[in-house]
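Let's take a walk through this structure together. Keep the sequence and the coordinates open beside you, and look up each residue as it comes along.

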Amino acid sequence: MDDTQLLRYSRQILLPEVDINGQERLLASKVLVIGMGGLGAPVTLYLAAAGIGQLTLVDFDTVDLSNLQRQVIHSTATIGQLKVDSAAQTARALNPNIQINTIQHKLEETELLSVVSSHDAIVDCSDNFPTRFALNRACKIAAKPLISGAVIRLEGQITTFDFRQPHTACYRCLYTEDGTQEDTCSTTGILAPLAGIIGSMQAAETLKALLDLPTLSGRLLLLDAKQMRWRDMHLTPDPDCPICALGNKK
């Protein structure tokens, strides 16, 4: 690191859990962020600020006026732009010393696995079950940590599926792929700061995973923001989970 980088990351380097070696590790890391919405916004901003050397942002949607209530990486001036372009512009302004790549299309199975395999950590900031299930499968096969978050109304949840560890529960252990219609923010609403709370925690979990610090692996945190209460649930692998079985066959 040069003197400018030492100054930029000085408050982080002061932490004994990070130090110079840890910061250099972050600068050498590659993180994939899926979704540039309410969760992807704080995730991208904090990971860029913290000095992740390479960020790959994935989204094929454009910025809409209704997004701006919670998707704080975008602005009125970027309405109509691709979200990945808007997000990359903001992140580069925050930290021009990191590399930011963008993918403007949906990643199908083969390409998704290839992209996942080339990164050190994956952050799921998507808003639909098909994407979450596909990411879960790819991360399990590639043995990559998956930092998963979700928000709606006044509720949020977060966990880390660290597939670098054996016998780790996965997203499919929590939810079945039964085609059930899911609620969305566009139909049921969301309190704006809730995305910031969960997204910031996803960024923290990502940094900890990259630094080999304790994460939420094996735990699921559920937030009731109306009462501002947290529930901490223990996660164990489902013996009948087809994704876990797939991984165990490797």
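This is a predicted model: local features need pLDDT of at least 70, side-chain atom pairs count only at pLDDT 80 or more; totals for chains, interfaces and linings use all residues.

Residues are numbered from 1 along each chain as its sequence is written, and side-chain values use heavy atoms, with hydrogens and water left out. Helices (H or I, at least four residues) and strands (E, at least two) are DSSP runs, numbered from the N terminus.

Let's begin with helix α4, residues 40–50, and its partner α10. Their axes come within 8 Å and cross at roughly 40°; axes here are lines fitted to C-alpha atoms, for helices over the stretch in contact, and angles run from 0 to 180 degrees between N-to-C directions. The two helices are therefore oblique to each other, given that angles under 35 degrees count as roughly parallel, over 145 as roughly antiparallel, 65 to 115 as roughly perpendicular and the rest as oblique. The crossing of α4 and α10 is right-handed, a term used when the near helix is turned clockwise from the far one by less than a right angle, with anticlockwise giving left-handed. On the α4 side, the residues in contact (heavy atoms within 4.5 Å) are Pro-42, Val-43, Tyr-46, Leu-47 and Ala-50. They meet Ala-195, Gly-196, Gly-199, Ser-200, Gln-202, Ala-203, Thr-206 and Leu-207 in α10. By class, this contact has eight nonpolar, five polar and no charged residues. Ala, Val, Leu, Ile, Met, Phe, Trp, Tyr, Cys and Pro count as nonpolar, Asp, Glu, Lys and Arg as charged, and the others, Gly among them, as polar.

Now turn to α6 and α7, which pack at an angle of about 50° with their axes 9 Å apart. This pair is therefore oblique too, and the crossing of α6 and α7 is right-handed. From α6, Glu-109, Leu-112, Leu-113, Val-116 and Ser-117 meet a set of α7 residues that includes Ala-134, Leu-135, Arg-137 and Ala-138. The residues of this contact divide into nine nonpolar, one polar and two charged.

What joins Glu-109 to Arg-137? The two form a salt bridge, with their closest N and O atoms 3.8 Å apart; the term means a side-chain nitrogen of Lys or Arg within 4 Å of a carboxyl oxygen of Asp or Glu. The pair links distant parts of the chain, 28 residues apart, with Glu-109 in helix α6 (residues 109–117) and Arg-137 in helix α7 (residues 129–142). Glu-109 is exposed at 57% relative accessible area, whereas Arg-137 is partly exposed at 33%. For these words, buried means under 20% relative accessible area, exposed over 50% and partly exposed in between (1.4 Å probe, protein chains only).

The whole structure holds eight salt bridges. In another of them, the side chains of Arg-164 and Asp-212 meet at 3.7 Å, N to O. Arg-164 lies in the loop between β6 (155–162) and α8 (171–174) and Asp-212 in the loop between α10 (192–210) and β7 (219–224), so the pair ties together parts that are 48 residues apart in sequence. Both belong to a network of salt bridges that links Arg-25, Asp-162, Arg-164 and Asp-212.

Glu-205 is buried at 4%, while Lys-208 is partly exposed at 28%.

Next, two buried residues. Leu-221 sits in strand β7 and is buried, with a relative accessible area of 12%. Beyond its neighbours within four places in sequence, the contacts of Leu-221 include Gly-156, Ile-158, Met-201 and Trp-230. Gln-71, in the loop between β2 (54–58) and α5 (83–94), is buried at 4% relative accessibility. Not counting residues up to four places away in sequence, Gln-71 touches Met-36, Gly-37, Gly-38, Ala-41 and Lys-83.

Finally, check the backbone. Most residues other than glycine have a negative phi. Asp-19, in helix α3 (residues 19–27), has a positive phi near 60°. His-167 has a positive phi of about 60° although it is not a glycine, and this residue is found in the loop between β6 and α8, where it counts as exposed at 68%.
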